[in-house]
Amino acid sequence: MPPRPTRKYPSQETLSRRLSILEFKDYFDPAAVRSNISERTHEPDGGSHRAVRALDVVALCLTSGEQGDVTAAAFYPIDSKKQNTLIVCKNREATPQDRLRLIDFKKTLIASSAWTDVFRDFILRHCAENITKRVKLFKESFSQIHKQLEDMANTYTPPQAPLDQVFPRSDKLRETLYKGGEPADPRVMLFDVLRKCRQAAGEFAIDRPEERETAQQNLDKYLDLWKLADCIRVSAFMELLLLPLSTSDDIVAKFIRRLNKVCQYARIELLLKHYDWTTLPTCWATLSSTVMPQGGKFSRGTANSMLEPLMSKQKSNLAAINMMKNTSKVWNPRDILRPTIHAEIKMIIFIHTRTSPKAVSDSPSPQLPIGCSKRSCICCSIWIAAFNESSEMAWMTSGSHGKPYDQWAFANTVKLPDSLYEHVAAAQDIVADRIRGILVKFVGSALLTEQELQLFPESDEDASAGESDTSSNKLDLY
Ligand SMILES: [Zn+2]
């Protein structure tokens, strides 16, 4: 077998430092956000669209809500079997609790006939923290935007259509709100629903989630909120909100995202309707190594040392100095970075190592969906796009928030078959290149002079020349 070519990468530490700076400066990439949206609209029959929504819900149900607990899920036939397997993995190693949770989840799905059963018997016990967090964020967004919503509602002209079209599937809600009657006009209903939804979000609290006696009351409380939130979500008024959206950072966009997240549990219905859980096998995706063994653990404080030379040269620029000084608040020098391979990348590598490349590309689906409990980060979205390009695959997730994470790891410690090596290497090349480019453009235009730009050289060979750990510049694949 011919030796694999040596590639030049920045070290993991250099990449993490660069990501740290972007993360500190609240960078997000609008291109990454847009790229995912367009991918989703390319589907002819909505097949993978539905699958990715179902898989997003699986990932959500298997996530506790703790910081850093991100889950990915995919349906794929592995080990030369024809039948789909539900494959799941996490950013971190799966614990025995994670494994028990998956078993319990499957049992609950088999025993349930409606999503509300799964919510009462599984979600409340395992995801209470996550629900509480979602409702809290939704409430915050609602407070930020409610004046704007009221202004829009005031000038809103509802379509000349029956109430069932202005507020689809709202008959039960109308019965509760108007005691069997109907609202005076659609605008009255809109105001009522907005006000009551905000109130329900404000009052929402889960009481003793682990106990069976309180489960039904907790479900009822969630349903009270869900009916109102879902009514807004599918209303004709919502189209008015979606119209002016330009960036994902917009507070309206944030409100819509959080509204969707509060309602997302009802999508468990998709899992009950379209999949046979009695025969669906499950498996955890594990890779031979997921934490960088050498140079994979380092102090986040090193990012400060990269900024210090800039600070000394920016003495005349007060705004820049203040911005730089704030870094010490964000980066505790004692913080240790332990970059890990993100769940969606782990999933792709796992499936490719367990399936022959032909079987993967013969898949009948035009897009290969991966569900995630969180939208993908900038590095994952660049990596997936580059991997797809190199391998002619069509992996997709439901979206990206375009943000950087300095704990994002290169996958260069994983044992890879030859058929996969070039594609992973190509994807890494492009991630490294794009992040460097973004940093030069972003930091350079805001803060740097021409000389200072030399601190972020064009070539990564130069960038890592002064580092002690030069061995990690190579892609150490086995
Ligand atoms: Zn990621």
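**A sheet and a helix in a predicted model**

Tutor: In this predicted model, helix α16, made of residues 343-354, lies across β1, β2 and β7.

Student: Which strands are the edge strands of the open sheet?

Tutor: The open sheet has four strands with mixed pairing, in the order β3-β2-β1-β7. An edge strand here pairs on one side only, and this holds for β3 (282-284) and β7 (371-372).

Student: Which residue in β2 is the bridge partner of Thr71?

Tutor: Strand β1 covers residues 71-76 and strand β2 covers residues 85-90. The two strands pair in the antiparallel sense over six bridges. In β2, the bridge partner of Thr71 is Lys90.

Student: How far does helix α9 reach from its first C-alpha to its last?

Tutor: Helix α9 spans residues 215-234 and has 20 residues. At 1.5 Å a residue, 28 Å would be expected. The helix comes close to that value, reaching 27 Å.

Student: Why does Val234 count as partly exposed?

Tutor: Val234 lies in helix α9. A residue is buried with 20 or more other C-beta atoms within 10 Å and exposed with 12 or fewer. Val234 counts as partly exposed because its number of C-beta neighbours inside 10 Å is 14.

Student: What distance separates the C-alpha atoms of Val234 and Arg169?

Tutor: Leaving aside neighbours within four places in sequence, Val234 is in contact with Pro168 and Arg169. Val234 and Arg169 are 65 residues apart along the chain, and their C-alpha atoms are separated by 8.7 Å.

Technical notes:
Residues numbered from 1 in each chain as written. Predicted model: local features only at pLDDT ≥ 70, side-chain atom pairs only at ≥ 80, totals over all residues. Pairing = 2+ DSSP bridges. Contact = placed C-beta atoms within 7 Å. Axes fitted to C-alpha atoms, helices over the stretch in contact; angles between N-to-C directions. Expected span 1.5 Å × (residues − 1).
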